[in-house]
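I keep these entries as a record of what I looked up, in the order in which I looked it up. Each entry takes one topic.

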Amino acid sequence: MSTSATAGPTGPSSGTGLSAAVDLSPKSRPGERVITVVLQLSAYASIAITFGIIAALIQPVTEFFSEVPFGDFFAFDGTYAVLPLVTATLMVTLIALLVAVPLGLGAALYLSEYASRRARKILKPTVELLAGVPSVVYGFFALTFVTPTLLQEILALDVGFTNALAAGLVLGVMIIPTIASLAEDAFSAVPQAMRQGSLAMGANRMQTSLRVVFPAALSGVAAAVVLGMSRAIGETMIVTLAAGALKQFSLDPRDGMQTMTGFMATTAGGENPVGSVAYNNLFAVGMLLFVITLVLNLVSISFVRRFRQVY
Amino acid sequence: GGDAGSDTGSGDSESGAVSGSVAVDGSSTVYPMSVAAQELLNEENPDIQVTVGEAGTGGGFEVFCTGDTDISDASRPIEEDEMAVCEENGVEYTELQVATDALTVAVNADLDVDCLTTDQLIDLVGPKATATNWNEIDPSFPDQEISFFFPGTDSGTYDYMAADVVGDESEVLRDDVESSEDDNVLVQGVSGTEGAVGFFGYTYYEENQDTLKALQIDDGNGCVAPSAETAQAGEYTPLARPLFIYVSNSSYADNAAVAAYVDFYIENLSDIAEIGQYIPLSDELYSETQSTLESIGS
Amino acid sequence: MASATSADTFPNMSSLGEAHVDNERRLPAKPVNPVMETRDLNVFYGDFHAVHDVNLSYGRHEITAMIGPSGCGKSTVLRCLNRMNDLVPGARVDGEVLYHGQDIYEKRVDPIAVRTQIGMVFQKPNPFPKSIYDNIAYGPRVTGMKVDNMDDLVEEALNGAALWDEVKDKLKQSAYGLSGGQQQRLCIARTIATKPDVILMDEPCSALDPIATARVEDLMLTLRNEYTIIVVTHNMQQAARVSDRTAFFTARPDETTGNRTGLLVEYDLTSTIFSAPGDKRTEDYISGRFG
Amino acid sequence: MASATSADTFPNMSSLGEAHVDNERRLPAKPVNPVMETRDLNVFYGDFHAVHDVNLSYGRHEITAMIGPSGCGKSTVLRCLNRMNDLVPGARVDGEVLYHGQDIYEKRVDPIAVRTQIGMVFQKPNPFPKSIYDNIAYGPRVTGMKVDNMDDLVEEALNGAALWDEVKDKLKQSAYGLSGGQQQRLCIARTIATKPDVILMDEPCSALDPIATARVEDLMLTLRNEYTIIVVTHNMQQAARVSDRTAFFTARPDETTGNRTGLLVEYDLTSTIFSAPGDKRTEDYISGRFG
Amino acid sequence: MSIAATTARQVTLATGKSKDKTPVSLAFLIALWFSMFFGVLVLLALIVNTAIDGSTRFDSELLTNYASIVRPESSGFRAGILGSLWLMVFTALLAVPLGISAALYLEEFADPTTRWNRFVEVNLQNLAAVPAIVYGLLAVAIMALLGFQNAGIVLGGALALALLILPVIIITTREAVRAVPREIRQGSLALGATVWQTTWRQTLPSAIPGIATGTILGLSRAIGEAAPLVVVGLAGSVLFDPEGVMSRITALPMQIYSLTSNSREELQQAASAAIIVLLVMVLGLNALAIFIRNKFQRSW
Ligand SMILES: Nc1ncnc2c1ncn2[C@@H]1O[C@H](COP(=O)(O)OP(=O)(O)OP(=O)(O)O)[C@@H](O)[C@H]1O
Ligand SMILES: Nc1ncnc2c1ncn2[C@@H]1O[C@H](COP(=O)(O)OP(=O)(O)OP(=O)(O)O)[C@@H](O)[C@H]1O
Ligand SMILES: [Mg+2]
Ligand SMILES: [Mg+2]
Ligand SMILES: O=P([O-])([O-])[O-]
């Protein structure tokens, strides 16, 4: 034990002896610094992407609006009217949600409340497979099966070859896993203690699921639905193929109608000279679509925040 | 030529020894023909790498006039602003007509209507059209509700009908219709729906003659049925239109692969048009195209 | 002052905690006509033998404590008593668990009916994310209890858990606004609202501060008048303070696999366990030599 | 089995466990020339004031125990001693932490250098998912220690942690194949392989069974000869068995916010704390009246 | 408690039918089952329907031949399959290192409480839900900025797809990294390792199965995308194999998209067969991801 030096630490190696001083001064680690900066830049690439998207859209959009008044764009009628596209998008999305919300939440409840761990391990990826099926494939399926066989033959509905109904149904199937997966996370995040509390009072599983787990996870469920909705709105190929390529305002799901993404896909491959007003229309619609999905995502994120903080 | 077409073809003009790449883009209407040319050429000479895109006539001209592609397919002649871009970038080009497309107005085979005048056609499909029953077009037509099957608004076929046949400045057609980018769907729709009417390329009709009925069109000179002959002869107006390829002069001169492709294309034009399901050029038009081709170099 | 040691420790235990008046009970050496009983209870988690041959009986209107080192299976045994182990994937129960003489693991028995009779309070307070009122009303509602006046029932339950005065003005507020101790008493109130016969408690105070702990312990002694209570605790002093009988468990490693299987070492009146344990292992444990 | 008790200063403790020969130590009332010292240490997690004004000194080649109820900030203080709190987002430290007289929270101090001097063992054994050998060699490798023969160093460290004989034939096997107690000793071995000066331990035995606990406690007493050890424990008997000095912490709720801030109640020789605590709260705690 | 009450209790216990099996709860369970399997049934219907349509074309020519409209009966998808594989490789090369770096930074280095990093976080979640077609527009702009006149080459397509899946990779990598217990990190740091040493030697190796799973799922999404490729201007008809990053290519989903508007029976059959090929690729990747997740992912 040192009596001589006030700051005389022991040499760590001997444990008993004394060393001159403990060196706690920072070592320079240039390699670390470089790596940190590289990693940091990679992380900020995502910001660059967002600004890139906005930058890529902004020039053609301003050009577009310099020639087309706002009122002509946000109109139901006219060459550049976007509202028929918006209503078509909403119509298709609504149908998709009608399919996907009950089924997605049902699947999520089954996975989190009923399935054994083993079964969940198999079932969850199986449901998630649905999200992996390429959307061209879904679109093709809507065209070649859902409309002609399911809607026209089996259900004897008077639908056209392209119609919002088929697009919405197939789109709904496609977003089931988005909703199921996120909702399942929310249900699973409800502490086990909450379930045990309910079961220990003599509630059965259904009561526990519906009265305790579901309400406890409500904001997570909301987030799941909103995210599913934004997926549906942004999906392109299914609606391009199945909903049709005719811009028209209609509230009848049996009609064909062109959605925002459908418009973008066909215009990008269409006849209009690049730089023309008609072509820039594509970017204006793209910007609107970006803004809509952005708002929805922000809403979804804020819901997720809330459910994380509850317990 | 663009990046892909820039490697100069090697060897002599015998296509068998030429290699290099050719970039084609543009009209989805002309696309099948350019693809047929590509395929047939590759059977003889697999070393020529041709890519054919279908960005649309407008999209095609964009990349063509910046020098990215060697050849642009077009279902309409180049427009003035597009010419300006080409000029700005120093892209000189030659327009070659490669086939004739005859829009066919087809109705359900059971419908008792045979001929429409051009005005009646406009009354039927134009943007101001309101008729929902055939007898509103002409009292002699049957009392039968009309169903419409139109191509997508971005297709060349739609544009042609809207801009050139109907000629309304809004360049749109009536919108209470069913529509698809897939002509096949239209064919099925018309053949499967009572009182249906639709329009699409002549060959789609030709293939489905048994289930469809093509309307004759009276453009003031009596009813004319769509056919290769009437289209070639210029009698089937106003529904017949020319299809083009635009060839970059410098690519043709500098890139043997481009020259080989274009030469092959024009040499086998009638076969290619047939595969592409269009009406081949009349002899007169064909020799015109050939002589234009010969003039590219000079 | 000594940490809890054997021999003379138990007598001065009562001098440490404030002695409860009603704690001077003369009880028979064995529970007469016990409410619950386990016979040769063995529990397995998958292949793992967690608890071996537990024979215990729990007396009416008594508080029985189960103590022992971590992992010896106390919670496992407790969960068998109202079939909460059914919910653990892979858990398997052998032997009998008698409730009023009836084996609750019999085929025809509905575990849900069992749980309405035998309530449970957990280690961490687990109120539902609902209002205080709805937390209490939940049990009666889901079990389909016939309730004349829910308001009265809620008040009664909260009174029974000594919580009414603290919360009566905020019944419609979220239970999450309560302190930890209040939440735990809310959970007890929630349990007694369904009028169970037996209340199981798994370390009910281990997440609470000293003052809240004292409140809950007082409450347990009051509840004993109406309910049969079985409590698992890590805190030996707590067992000494509140329980009438104590069961001491430990875990024995298997020679070949090394897996540790829990077993009942000793079961007796609490006073006996703490003053004159019959087994060396009990003595070691309560004297703090391990655990 | 030899569990360790501290001195004969508290007679009934030593009569319980077998006394260790080397435990008959006469220590000064306050650590002379302490290895580490905290001065007016305050720790905040965001706005939450977790620990208030802790003044403590840790003597060389002594084992200092920090005890107290859950949440009173023991782990928080411990983590300040080697700047592990730097890694907790939002954590803020006020006051001084002196190591050989030098404030380790000074700007020019490299926290990584601090941690190579002041090692740490955690509550749950946390071996790396690597071989036993690589677990030991990891520290010397990352700190760039000059090692003549890594094999020797590994053997020495494992010997130091009393683990060599048990694992010498399976050095290349995964550390996950070891039992919990072995894993914990491996973590100790891993720490001493970097030849630190001080070893911090946060409830090192709370995940272990009694036998493994006794092993680790024995090891701590041996390590005391070479290292300065600071240990947080929930188990008062453990503190009594192994430590030379004990610091008792508790948490006081803030009147307005209700947040509980930890503070040091009493710090003294272990014998004094357990036999004659100077503070009522200490007495209540060690007598088991709460906690 | 009275004896009478006791007997009453005994009666209620042995009702013999469980409250978990009331008609309502059973109906509820059946509804959940239906939800669970509805999607799977649709997928099966899709596969069966498509496989029947394409059954005449399950031959080797489907994989080895180029597309043909001259001989549609032996048309194949060689160019599209190879193009898709090339795209996948370059997409991975662009997106995976960048994505992993970003995830490591956000999870291991960044202070999550700062406003800026929270913004990065929200931004990422946003990007994950930006419509694919918008990424096509962005890729075209970036290619132009980089001085490439033609975006319809391997590089352009890969760029669009990489931008598209980058957020997916970052998010799944972060989850994988987060699943590595804090204890491991703390153990390493307490030994005097730096944050980077800890990340590189402990966290990253432990997270590899999770990262691989996320990456594969991201790539399987990329391989099925057509919309951004259409915007980027990939050619529809290519009759040669890709030769480099500057090579003009086509991709399988684009060929399928292009065929949906072709009326010829033979080509429709070929399209169905091609869809099965695409599904095999995509579902195969998914299966691989699941396999890795189940087999190698450590549960701590
Ligand atoms: N769900 C489970 N699956 C597998 N093993 C389990 C499960 N629950 C408990 N065990 C094991 O069974 C044994 C007994 O556990 P139990 O929780 O009953 O112990 P305990 O005495 O309550 O311990 P503690 O005091 O730590 O709560 C332990 O070895 C534990 O690891
Ligand atoms: N990372 C953190 N962020 C916010 N608060 C924290 C954090 N870590 C600890 N706390 C809080 O600081 C207080 C002291 O915690 P600490 O872990 O130091 O207590 P402890 O005495 O070690 O308790 P235990 O015995 O349960 O381990 C507690 O109220 C705890 O909730
Ligand atoms: Mg327990
Ligand atoms: Mg702690
Ligand atoms: O692609 P088009 O320009 O012919 O419609």
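What pLDDT does chain E average, and what share of the residues score at least 70? I found an average of 86 for chain E, with 92% of the residues at 70 or above. pLDDT is the predictor's confidence in each residue, from 0 to 100.

**Ground rules.** This is a predicted model, in which local features need pLDDT of at least 70 and side-chain atom pairs count only at pLDDT 80 or more, while totals for chains, interfaces and linings use all residues. Residues are numbered from 1 along each chain as its sequence is written, chains are lettered from A and ligands numbered from 1 in the order in which they are written, and side-chain values use heavy atoms, with hydrogens and water left out.

**Confidence.** I noted an ipTM of 0.78 and a pTM of 0.81 for the model. Over residues 1-11 of chain E, pLDDT stays under 50, and the model has 15 contacts beyond four places in sequence for them. Contact means heavy atoms within 4.5 Å. Where pLDDT is low, the predicted coordinates should not be read in detail.

**Chain E in the record.** An unreviewed UniProt entry places "transmembrane region" at several spans of chain E, including residues 85-106 and 270-292. UniProt positions are given in the numbering used here, feature names are shortened, and annotations may be inferred rather than shown by experiment. I checked two spans in the model. Residues 85-106 of chain E are 100% helix and 0% strand, with end C-alpha atoms 30 Å apart. Residues 270-292 of chain E are also 100% helix and 0% strand, and there the end C-alpha atoms lie 33 Å apart.

**Ligand 1.** Which residues are closest to ligand 1? I listed C:S70, C:G71, C:K74, C:S75 and C:T76 as the closest of the 15 that surround ligand 1 (a heavy atom within 4 Å). Next I looked at polar contacts, meaning pairs of N or O atoms within 3.5 Å. A backbone N or O atom of C:G73 is 2.9 Å from an oxygen atom of ligand 1, and the side chain of C:S75 has an N or O atom 2.5 Å from an oxygen atom of ligand 1. The protein covers 65% of the 620 Å² of accessible area that ligand 1 has on its own (Shrake-Rupley method, 1.4 Å probe). β2 (48-58) and α2 (74-80) of chain C each give two or more residues to the shell; α2(C) gives the most, four.

**Ligand 2.** I counted 14 residues around ligand 2, D:S70 and D:G71 being among the closest. Oxygen atoms of ligand 2 lie 2.8 Å from a polar side-chain atom of D:K74 and 2.4 Å from a side-chain N or O atom of D:T76. The protein covers 65% of the 630 Å² of accessible area that ligand 2 has on its own. α2(D) gives the most to this shell, with four residues.

**Between chains.** Which chains share the most contacts? Of the eight pairs in contact, I found chains A and E to share the most. Chains B and C have no contact, their closest C-alpha atoms being 52 Å apart. Chains B and D do not touch either, with nearest C-alpha atoms 50 Å apart.

Notes
A polar contact is a pair of N or O atoms within 3.5 Å; within protein, one must be able to donate a hydrogen and the other to accept it, and residues adjacent in sequence count only if both atoms are side-chain atoms.
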